[in-house]
Amino acid sequence: MSGTGGYFSNESVERVRTSSDIVTVIGRYVTLKRSGRSIKGLCPFHREKTPSFFVSPERQMYHCFGCGAGGDIFSFLMNYLSFSFTEAVEELATEAGIKLERTGRDTTRTDVFREILAESQKYYRKQIPGKSGTSAREYLEGRKLSERIIDKIGIGWAPDEGGLTEYLRGKGYSESQLIESGVAVRSTRGSGIYDRFRGRILFPISDRRGRIISFGGRLIKESATGAPKYLNGPDSPIYRKGDYLYGYRDAARAARDLDMIILVEGYFDHARFVDAGFECVVATCGTALTSPQARQMGALSSVYICYDGDKSGQRASVRAAEVILEQGYLPGIIAIPRGQDPDDYILEMGRESILELIGKADDPIRYALELLGGWSSVRGSEKKVKVVKRLVEIASSATEPVIRETLIRVISEQTGYSMRTLELEISEEDSKIRKPAERKLKETELNRRDSRILGLILLSPEGLSNPLVDFIIEDDFQSKSGSRIFIEIKRQADSGMERFQLSHLEGNDSSICAGLLTVYPEQTEPEDVERLMKAVKKDRLKEERKQLKSQLDSADSNDDIQELRRRIREIKEIEKKYYK
Ligand SMILES: [Zn+2]
């Protein structure tokens, strides 16, 4: 996370920060209530029943006392939506209508990997109309994908015999760069590297700025060696699978306009929806749905899950629904009939009929009950208790109270059990919920002295030009986080910045800082600074005296001993005179 701020000028980042309001932005994702001077809500980063998530409009910070999460408006988007710092700045800038100034090129280490991915995409695209592309063209024709959609999505072809590695080496990239970027793998026999993707139709995966960061590949022939049908690029310095939704960038605008985002499992399902005129469709990239992906969708619009209609697709739909409920959103589930996948279904039945299915989308409870055989089939048997318990489990994954109650009501209507009984059942379910976040508090704590020093610097009206920044040294801190945060404060002050930028700190340190800023609501007074300086001087003397004493024990020359004793006496005098 550190060092990511270099891409935009500090002034434009500050402009974005001051023209965005943290309460409004967080308020879109978390229900916030004012209580006294503070604004609080249920923490979106851990499960809780009583609010310990605080937002401070004065400081433009948030902090959770339950799990220690915290930061500024940028860190919120980074942590909540898994955006990069750059993406968070861009998102808020667009909203505020601010044009961002760039400070030169984005010259990070990861640039070379993006270049490699862009070159690979060019190469793979060229193979489709090329000589080696015959089987690929036939395959795509067989799957009834139009040329228009192949171009729109940027589908490419990785030939059986490979060739990308040679092509990229010719452009001057090193073996280790090709491996690290995920397009090549090291040979298990002997030396050398070869193409990761061979004999596969390739779907480029882009980040939220439209830059290609990985590929997903579909094998077109049955593999004799048991190679998987679908192969996804590995996590790399520019790509983390669970953070990205395939197609997000193109889907976002349409999803906002229509208040509908459709989640599918596969690249071909995605292509079919787009071909049928639905821009608002995204896919997971070969993994089960993750919480950041769920939040990214929920933050845009209403979510519709549209997985395969077979048993495993149906079960995956319910699991995905639970992940979305956990993030505070209520998804609809689209049931594709006859065990078909969305691709086949749309191809056979057309656009109108999928619209009809979307209109009939079920809530997760009705959908799951149907999947469990329907109430009428179990109501007379012992199985009914198990079914109700499973439905309650699904409802209890909803963290948003209104959604939860809605779902319990549905269970009650469907099964005839009273709301009261179901609520009792759900509170039992809640007590089973693990609370892993609670214990994290320890690591995110500073001792009182250290937090006082940092608090005084960060809260002072003069910002980084506060005299404490020059007075304090790294060694004055008793905790590692304390001195790390201070080093960053010093670095920013030395580079001429006026206000401290939290986003340059690593996760834990950033939370600690945000905690300080949210918790101490009052302004600091000059006397506080003086008092603190005095205390620090006293500690420094005490520390020096301790060290001199230990030197005294090991000193052998008489002169040294005399000198050490003299200094120790001196310190004692100063301490007596000034610090009693
Ligand atoms: Zn929390």
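Begin by selecting Tyr-304, which stands opposite Gly-332 in strand 15. Strands (E, at least two residues) and helices (H or I, at least four) are DSSP runs, numbered from the N terminus. The model is a predicted one, in which local features need pLDDT of at least 70 and side-chain atom pairs count only at pLDDT 80 or more, while totals for chains, interfaces and linings use all residues. Residue numbers start from 1 along each chain as its sequence is written.

Now display the whole sheet: four strands form an open sheet in the order 13-12-14-15, with parallel pairing. Strand 13 and strand 15 (332-333) are the edge strands, each pairing on one side only.

**Helix 12 against helix 13**

Select helix 12 (residues 291-300) and helix 13 (residues 311-326), whose axes come within 9 Å and cross at roughly 70°. The two helices are therefore roughly perpendicular to each other, a term that covers angles of 65 to 115 degrees. Helix 12 contributes Ser-291, Ala-294 and Gly-298 to the contact, and helix 13 contributes Val-323, Ile-324 and Glu-326. Contact here requires C-beta atoms, placed from the backbone, within 7 Å of each other.

**Helix 10**

Which residues of helix 10 (residues 248-258) are buried? Select Tyr-248, Ala-251, Ala-252 and Ala-255, which are buried. A residue is buried if 20 or more other C-beta atoms lie within 10 Å of its own and exposed if 12 or fewer do, with C-beta atoms placed from the backbone. These four cover an arc of only 115° around the axis, which puts them on the same side of helix 10; the arc is that of the directions from the helix axis to the C-beta atoms. On the other side of helix 10, Arg-253 and Asp-257 are exposed. The cover over the buried residues of helix 10 includes strand 12 (261-264), strand 13 (281-283) and helix 12. Just after helix 10, Asp-259 takes a positive phi of about 50°.

Strand 2 (residues 38-41) and strand 3 pair in the antiparallel sense over three bridges, and Gly-41 has Phe-53 as its bridge partner. Strand 3 and strand 4 (residues 61-64) run antiparallel and are joined by four bridges; Ser-56 is partnered there by Met-61. In this hairpin, four residues lie between the strands, and Gln-60 takes a positive phi near 55°.

**The whole chain**

Finally, zoom out: the protein chain has 26 helices and 15 strands. Its C-alpha trace spans about 95 × 70 × 50 Å along its principal axes. Of the 580 residues of the protein chain, 38% count as buried.

Terms used
Pairing = 2+ DSSP bridges. Axes fitted to C-alpha atoms, helices over the stretch in contact; angles between N-to-C directions. Parallel < 35°, antiparallel > 145°, perpendicular 65-115°, else oblique. Contact = placed C-beta atoms within 7 Å.
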